[in-house]
Amino acid sequence: MKEKLLKGTLLLTLAGILTRIIGFVYRIFLANTLGETELGIYQLVFPVYGICFTLYASGLQTAVSQLVSNPHYKYSKKVIKTGILLSLGVSLTLSAVVFLFSDFISQHFLFTEKTSDLLKILAIIFPFCGVTSMINGYFYGLREAKVPAITQMVEQLCRVGFVFLIYASAFWDFSSKVAVAGLVAGEICSNIYNLFSLRRSKVKSGQLSAAKMKIARAILKQAIPLSGTKLVISLLSSLESVLIPIMLTAYGLSHDESLALYGVITGIVIPFILFPGTITNSLSVLLLPEISKADNENNIAKIHHTTQITIKYSLLLGCVATAVFLNLGKQIGVLFFHSENAGKLLTLLAVICPFIYVSTTLSSIINGLSKTHITFRNTVCGLFLRILCLVVFTSKYSIYGYLFGLLLSQIIISILDSAYLIRHGYTEIELFRWLVFPGIVLSLSIYICRIAAQNICRSLHFEKDIILLIAILPALLISFFLFRITGLVRKKDLV
């Protein structure tokens, strides 16, 4: 089972990394083609998308996944059919609502009338996205990561391919509408692949005697509480997104300047910060059923060991990202996005990485222990704190007030999640050994290698951006060697 978890994690991670790489190329293209203001308008539709996704997919997907992992329901066609029907009912209703009331939503919720046409296009995506999520939930429940991994790739490739094709054809004026249409095209293509994969899978009919109505009740019994809690989080996250440009305007920026800065933060900086977290995201998806199984078997030793390993390596990954962004954030912003502002913000947000990555792992572990109310409470506390800082500080200190709240809230969430697991004996966290020590080693290693690389570039007349390629690799190798001899990184952790 451990081998299957590791294999599934590696597969999802590989797909996630490839998808993120394609996504970064795509974001660079959008940032340079649309401009920061138009990019901000494009990013504003995602709060609406997030709320709708929570209602038609999020809780239902988890419920289908957990039901399928039950041996009584395993490989049942009735479970996946029922999940799809429930999702389609909700998603088609939401599509109609968003399409018909797009003007109202744009004016009174997003406070930007230019998003109205984007919402009408976005509404098309909901039924396709819902069906894809149900099928992915089915395969996650079977711990078969291949189909969801390929689905990510298909969606991303088709989305980017569609947008590039429209841009190259020059038949239409390129705008954020084309970018949203790309989302729809990618989701339709991935949906077709998913349906084809489901048809070829081991899904069987007649194996389960339970009626569809009984299965629907079983799905909804798990999905409604999950969707309710996730909806609260989604609403708070959406409120946060909508408030950012409003509070930046209150600081003194124009509406277009506020949208531009919002576009840089949400469309460039935060996705770059989250990029290394592909590994912890993939692990968390497969970690939940693994912890849940150990909890049902009352195997505390397995929970403790799994929790220790995943927390340690999530923090180490965060230390690597922090060290890289602290030392090379400005160069990354200029090199990839031709934006000094993005590079500056990337450097400022670098220290958030360990807390973001480990919180993903911690919440998955707690959810696997069937304590979703704990993660809900902690996440809501963090979001309330973030929104409070956004309202109080952003109007006085511009975007720096928001960044402070973002960092503080993420630290609070990580502390609350960790405290719960430690208090109930599920783990022990060696904060100095797993966070402070590797953070110092990695930061110093990259700093020293960066200075050496600058001197090499200066003497050999290389391009300055080549420092990125020269400095990181030897610094990571030196750090890894030190971690090995101190016993921080051990081969048996991964065996």
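Is Cys-319 buried or exposed? At 3% relative accessibility, Cys-319 counts as buried. Buried means under 20% relative accessible area, exposed over 50%, and partly exposed in between, with a 1.4 Å probe and protein chains only.

This is a predicted model: local features need pLDDT of at least 70, side-chain atom pairs count only at pLDDT 80 or more, and totals for chains, interfaces and linings use all residues. Residues are numbered from 1 along each chain as its sequence is written, and side-chain values use heavy atoms, with hydrogens and water left out.

**Cysteines**

A search of the whole structure finds 0 disulfides. Cys-319 is in none; the nearest cysteine sulfur belongs to Cys-353, 9.7 Å away. The cut-off for a disulfide is a pair of cysteine sulfur atoms within 2.5 Å. Another cysteine, Cys-381, is partly exposed at 38% relative accessible area.

**Nonpolar core**

The largest nonpolar core has 127 residues, and Ile-273, Phe-325 and Ile-399 touch the most other members. Helix H13 (residues 300-337) gives the most to this core, with 13 residues. Such a core is a set of buried Ala, Val, Leu, Ile, Met, Phe, Trp, Tyr and Cys residues joined through side-chain atoms within 4.5 Å. Helices here are DSSP runs (H or I, at least four residues), numbered from the N terminus. Leaving aside residues up to four places away in sequence, Ile-399 touches Ile-244, Leu-248, Leu-261, Ile-265 and Leu-345. Contact means heavy atoms within 4.5 Å.

**Aromatic pairs**

The structure holds 15 aromatic pairs. Rings of Phe, Tyr and Trp (its six-membered ring) pair if their centres lie within 6.5 Å; planes under 30 degrees apart count as stacked, over 60 as edge-to-face and the rest as tilted. Two of the pairs are tabulated.

| Pair | Centre to centre | Between planes | Type |
|---|---|---|---|
| Tyr-42 and Phe-46 | 5.3 Å | 90° | edge-to-face |
| Tyr-56 and Phe-126 | 5.5 Å | 40° | tilted |

Tyr-56 lies in helix H3 (residues 46-68) and Phe-126 in helix H7 (residues 125-141), so their pair ties together parts that are 70 residues apart in sequence. Tyr-56 is buried at 0% relative accessibility, and Phe-126 is buried at 0% too. Tyr-42 is buried at 3%, whereas Phe-46 is partly exposed at 27%. Ring pairs link Tyr-42, Phe-46, Tyr-49, Phe-53, Tyr-56 and Phe-126 into a cluster.

**Polar contacts**

Gln-43 sits in helix H2 (residues 36-43). Gln-43 is buried, with 7% relative accessible area. Its side chain makes a polar contact of 3.4 Å with the side chain of Arg-27. A polar contact is a pair of N or O atoms within 3.5 Å; within protein, one must be able to donate a hydrogen and the other to accept it, and residues adjacent in sequence count only if both atoms are side-chain atoms.

Arg-433 belongs to helix H18 (residues 431-460) and is partly exposed at 29%. A polar atom of the Arg-433 side chain lies 3.1 Å from the backbone oxygen of Gly-487. Arg-433 and Leu-488 are 55 residues apart in sequence, yet 7.6 Å apart in space, C-alpha to C-alpha.

**Positive phi**

Phe-111 is not a glycine, but has a positive phi of about 55°. Phe-111 is in the loop between helix H5 (102-108) and helix H6 (116-122) and is partly exposed at 45%. Ser-398 also has a positive phi, near 60°. Ser-398 is found in the loop between helix H16 (372-397) and helix H17 (399-423), and is buried at 9%.

Technical notes
Helices (H or I, at least four residues) and strands (E, at least two) are DSSP runs, numbered from the N terminus.
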